[in-house]
Amino acid sequence: LQTFTSGGAFVPTRRFCDYVFYVLHEQMQVPIANINTEQLFGIHDNLSDAQLGLFDYSFDDKNTEARERIKAACNAARVAAWEDGQVWSFVRDEAKPVSVAHFDRRNTIGGQAQYEHSFRLPSDYDSVSLRYVDPDKNVQKVISKRINSAGAIVDGAGSRPLEFELIGCRNLTQAMNRLNLEIRRLIYQRVQVTDTVIMDALTVGKWQRVSWSDVWDGQTFDGEILDVVGNVYSTSERFEPESGVEYWVYITDVNGNPSNTVRAYPRAD
């Protein structure tokens, strides 16, 4: 069990957020004002299952650096921690429902984009094996998932597994949650875009969701709003919709903040 300070007293806890706060505030003497506690504890409060935020671990070396302890505790919960200026910030690696920024030709530097799409090779990893500690027998246990010949995810070990240990994990729910994330990375995380943008990028943090428009993508449309009458928008660029296709838009304000996705319908003209 780890401990954290509450009203001057130490109480037992297994929550990663309590331990991270303890290390930052009690051991590293970081002022509470410099810890984004809303993010840290908000992550735990919004977990679909409290077991996903547990951290059960005793460091063998008492001299293990505080930052390494924070990294280990956060990793167990799929969380990243970093110093954003003088403030410690936190974010969980999970699906984000809303994009925080939209990048297109109006806020990017022309000709700077690099688009990379890697394809699966026979020598690539075909599975993931994860080690965690079984809470009943207190021994290391391995769970695996693989990608079959049809490209589907199934249980079992493959011939070329990506192996890793989830330190601080002592429950199957948390281990399986991480295993499902890592096996999906092998399939879906194969597209990368590098671009140069203007000041709008300063509002974007690590692991936040953004949208990006390829200037050569004929199915993506962007333009400046010239006039608004009710729900009818006039734009600087012509939009020619295809029949039977659903269209969704983001609308950014003068500060570059995007709205949520909104269903868009073509005008009569």
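Me: Which residue meets Lys 141 in a salt bridge?

Reply: A salt bridge here is a side-chain nitrogen of Lys or Arg within 4 Å of a carboxyl oxygen of Asp or Glu. This is a predicted model, where local features need pLDDT of at least 70, side-chain atom pairs count only at pLDDT 80 or more, and totals for chains, interfaces and linings use all residues. Residues are numbered from 1 along each chain as its sequence is written, and side-chain values use heavy atoms, leaving out hydrogens and water. With N to O at 4.0 Å, the partner of Lys 141 is Asp 134.

Me: Is Asp 134 buried or exposed?

Reply: Buried means under 20% relative accessible area, exposed over 50%, and partly exposed in between (1.4 Å probe, protein chains only). Lys 141, at 37%, is partly exposed. Asp 134 has a relative accessible area of 11%, so Asp 134 is buried.

Me: How far apart in sequence are the parts tied together by Lys 145 and Asp 155?

Reply: These two form a salt bridge, with their closest N and O atoms 2.6 Å apart. Helices (H or I, at least four residues) and strands (E, at least two) are DSSP runs, numbered from the N terminus. Lys 145 lies in strand S8 and Asp 155 in strand S9, so the pair links parts separated in sequence by ten residues.

Me: Which helix holds both Arg 185 and Glu 182?

Reply: Arg 185 forms a salt bridge with Glu 182, the closest N and O atoms being 3.3 Å apart. They sit three residues apart, about one turn of the helix, and both belong to helix H4.
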